[in-house]
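Please have a look at the chain first, and then we can go through my notes together.

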Amino acid sequence: MSDLSHPPPRTPAADATIPGPEIQAGTEPAGRTAEFVGRSPNQLAWLRLKRDRTARASAVTLAVAAVVALGAPLLERLTGIDPTDKFVDRLNDFGMPIGYAGGISSDHWLGLEPGSGRDILMQLVYGLRTSLFIAFTSALLASCIGVAVGVLAGWAKGWLDSLVNWLIDLTLAFPFLIFALAVIPILQDRFYSDRESPSPAFRVALIVATFGLFSWTYTARLVRGQVISLREREFVDAARAAGAGTAHILLRQLLPNIWAPILVTVSLMVPQFIAIEAALAFVNIGVTEPTPDLGRMIFNSIGYVASDPWYTLFPGLTIFLLVLAFNLLGDALRDSLDPRSTR
């Protein structure tokens, strides 16, 4: 008689025959769905740019500078101080501000200018506005000229391409800063006599025109190379076959495909113009009085570097931070728009 309290041992063959739950390959558990989100190259570039801490810090710095520059009239109303107001009663007999660190007080947060007694904060805010306006306007003008010439040179063939390319090389041969130092006084003497002082608006327009008309070459060369590489692509042939004209191909087919390098060029051109404009004001051929300017503030502070270094520090630090932020943002923008970037 068999022992019913102990079941017989199971063999491997018996285990193999025990039915179990069937698992189908390729199925996923309930409640989980595979989602694939497609992103355009612009979205991928934006994601890379947002992940870059340097780009975020630079963008915040430039945003604060833009808000301060645009809000200069509001700050003037809040403080009740005009950038041309002179507080000579707060200067000593030697023309130096009375008080700590160049006259810093609750009424004058950054002190006063030696000699003139003007408020440094208001001069700095309005000078920042002047520098940004000149730099952005010049960059837009130079970019528009460069894009137009580059597209024309890249699309054209034969003698026209050679002529435009020769013009670009000829313009690049001129040292820009030296040329600006020479052409601005010459043009000023053409419209004003020795006894007349040029108006601030005329000097600003002259600087913008000089920067824009002689800084388009790099953009033109870049756009020319991009257009040459794209003009024989399949989508251009398809547009021709569909009956599209030259204007449609250039404006609707080619330009949208080369906006990324143009944007990077503009972002790197702005800090260059800020530095050059400050250099022109430093040698006293930039923006004239009474328009506030960062470069002229540094020029006026040369004689007070030992006695009042704060007067030199504030405009110099502002130019340094502006140029550094623009350069870092331009580098980050170039890396984010590059599809081969590993960042």
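Here are my points on the helices, the record and the core.

1. This is a predicted model, where local features need pLDDT of at least 70, side-chain atom pairs count only at pLDDT 80 or more, and totals for chains, interfaces and linings use all residues. Residues are numbered from 1 along each chain as its sequence is written, and side-chain values use heavy atoms, leaving out hydrogens and water.

2. Start with helix H5 (residues 120-155) and helix H8 (residues 200-213), whose axes come within 8 Å and cross at roughly 40°. Helices here are DSSP runs (H or I, at least four residues), numbered from the N terminus. Axes are lines fitted to C-alpha atoms over the stretch in contact, with angles running from 0 to 180 degrees between N-to-C directions.

3. Who makes the contact (heavy atoms within 4.5 Å)? Phe-133 and Leu-141 are among the residues of H5, and Val-204 and Phe-211 among those of H8.

4. UniProt, in an unreviewed entry, places a "transmembrane region" at several spans, including residues 167-188 and 200-223; such annotations may be inferred rather than shown by experiment. Residues 200-223 are 88% helix and 0% strand, with end C-alpha atoms 34 Å apart.

5. The largest nonpolar core has 52 residues. Such a core is a set of buried (under 20% relative accessible area, 1.4 Å probe, protein chains only) Ala, Val, Leu, Ile, Met, Phe, Trp, Tyr and Cys residues joined through side-chain atoms within 4.5 Å. H5 gives the most to this core, with twelve residues.

How values were computed. Helices (H or I, at least four residues) and strands (E, at least two) are DSSP runs, numbered from the N terminus. Contact means heavy atoms within 4.5 Å. Buried means under 20% relative accessible area, exposed over 50%, partly exposed in between (1.4 Å probe, protein chains only).
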